[in-house]
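Biologist: I'm new to this one. Can you put it up and walk me through a few parts?

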Amino acid sequence: MSVKWGLIGASTIARQFMIDAIRAQPDGEIAAVMSSSAERATAYARENGIPAAVSNLDALLGSDIDAVYISTTNELHFEQALAAAKAGKHVLCEKPLALTSDDARKMVASAKEAGIVLGTNHHLRNAGAHRAMRDAVAAGRIGNPIAARVFHSVYLPENLQGWRIARPEAGGGVVLDITVHDADTLRFVLGDDPVEVSAFTQSAGMAGSGLEDGAMCVWRFKSGLIAQSHEGFTTRFADTGFEVHGSQGSLIARDVMTQKPAGSVLLRTASGEEQLSFDREDLYARSLRGFHAAVRGEGQPSATGEDGIWSLAAAEAALQSAASGRTVKIDPKLGSMN
């Protein structure tokens, strides 16, 4: 059984990563692309070898596709995902799922009601480095995890700046773009959930319209672990990294907060240092493999809709903290969907 995909959004991320990832699946094909601009849809389809181009969501959802990948601007995700679920199409949606966790919860509820698979495209869960760290933590190789640090401040390339730094109404800003990833990655690697956050944001010269282009967050998790994360659009020369420190050892990863299967993970304990080996599979190809399995009824996507609610609720709390100057509790209200 093949999975026929429709792309909602003629986006850079689809062109750079997702089109190849879908086509890398033995049962994957891309049938159509939709953009609100007919000219853009037609040009994008031609450039990427996609059979059909449409400029209307109903036309896409009325076709014989099985699933949609949503990579439009953030404020459009909610209505597009609800429409796709209503049409019986499986949904893989870019993060954040919506502009509010309330809307994200409605998306998850509508997917359950429609009996379709809803996944959040948190690509970093699929990185070999992050899975190696998760396995080491779960196996007790660093003892009891005590603290973590994420460095995910980068330089946003000019071709991606656009709405991310200029349109609050579209869900721009570094918190909804990167902090959501860091919250999800911390949850994934630690096997733990954040319960509160204290955050500072800044506008360091790139973002306008009251948006933030840098953030530093301090998180407390259910276990008592504390973590810090740094997100930014404006640091041209920074490296990325992820550290988890435990009672019996530390995991020190470098160059791992990336869309590419790169980086290194060092395990440091009383017995010395060991470089952990991990696979270098393409993150998006792995994500699609898991999603296709979920469509067949085998397991779940690497990041579920519920995971998307968690990361968005965490980012919302960070924005509230930065605005109020207070620590804010994180409540994803996952129980209300049952």
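**Around Asp307**

Modeller: A polar atom of the Asp307 side chain lies 2.9 Å from the backbone nitrogen of Thr304, where a polar contact is a pair of N or O atoms within 3.5 Å; within protein, one must be able to donate a hydrogen and the other to accept it, and residues adjacent in sequence count only if both atoms are side-chain atoms. This is a predicted model: local features need pLDDT of at least 70, side-chain atom pairs count only at pLDDT 80 or more, and totals for chains, interfaces and linings use all residues. Residues are numbered from 1 along each chain as its sequence is written, and side-chain values use heavy atoms, with hydrogens and water left out.

Biologist: Where is Asp307 found?

Modeller: In helix H10, residues 305-324. Helices here are DSSP runs of H or I with at least four residues, strands are runs of E with at least two, and both are numbered from the N terminus.

Biologist: Does Asp307 count as buried or exposed, and why?

Modeller: Asp307 counts as buried because its relative accessibility is 11%. Buried means under 20% relative accessible area, exposed over 50%, partly exposed in between (1.4 Å probe, protein chains only).

Biologist: What does Asp307 touch?

Modeller: Leaving out residues up to four places away in sequence, Asp307 touches Arg125, Asp184, Arg187 and Ser302. Contact means heavy atoms within 4.5 Å.

Biologist: Switching to strands. How do S7 and S10 pair, parallel or antiparallel?

Modeller: Parallel: S7 (residues 145-153) and S10 (residues 226-232) share seven bridges. Two strands pair if DSSP finds at least two bridges between them. Ala148 stands opposite Ala227 in S10.

Biologist: And S9 with S10, in which sense do they run?

Modeller: S9 (residues 214-221) runs antiparallel to S10, joined by seven bridges. Trp219 stands opposite Ala227. The hairpin of S9 and S10 has four residues between the strands, and Gly224 there takes a positive phi near 105°.

Biologist: Now the domains. Which residues go where?

Modeller: Domain 1 is 3-123 + 285-303, and domain 2 is 125-281 + 313-329; the bounds come from an automatic or database domain assignment. The contact takes 20 residues from domain 1 and 21 residues from domain 2.

Biologist: What area is buried between domain 1 and domain 2?

Modeller: About 1,900 Å², with carbon and sulfur atoms giving 50%. Buried area is the accessible area (1.4 Å probe) that two parts lose on being put together, summed over both. On the domain 1 side, His122, His123 and Arg286 lose the most area to domain 2, together 34% of what that side buries.
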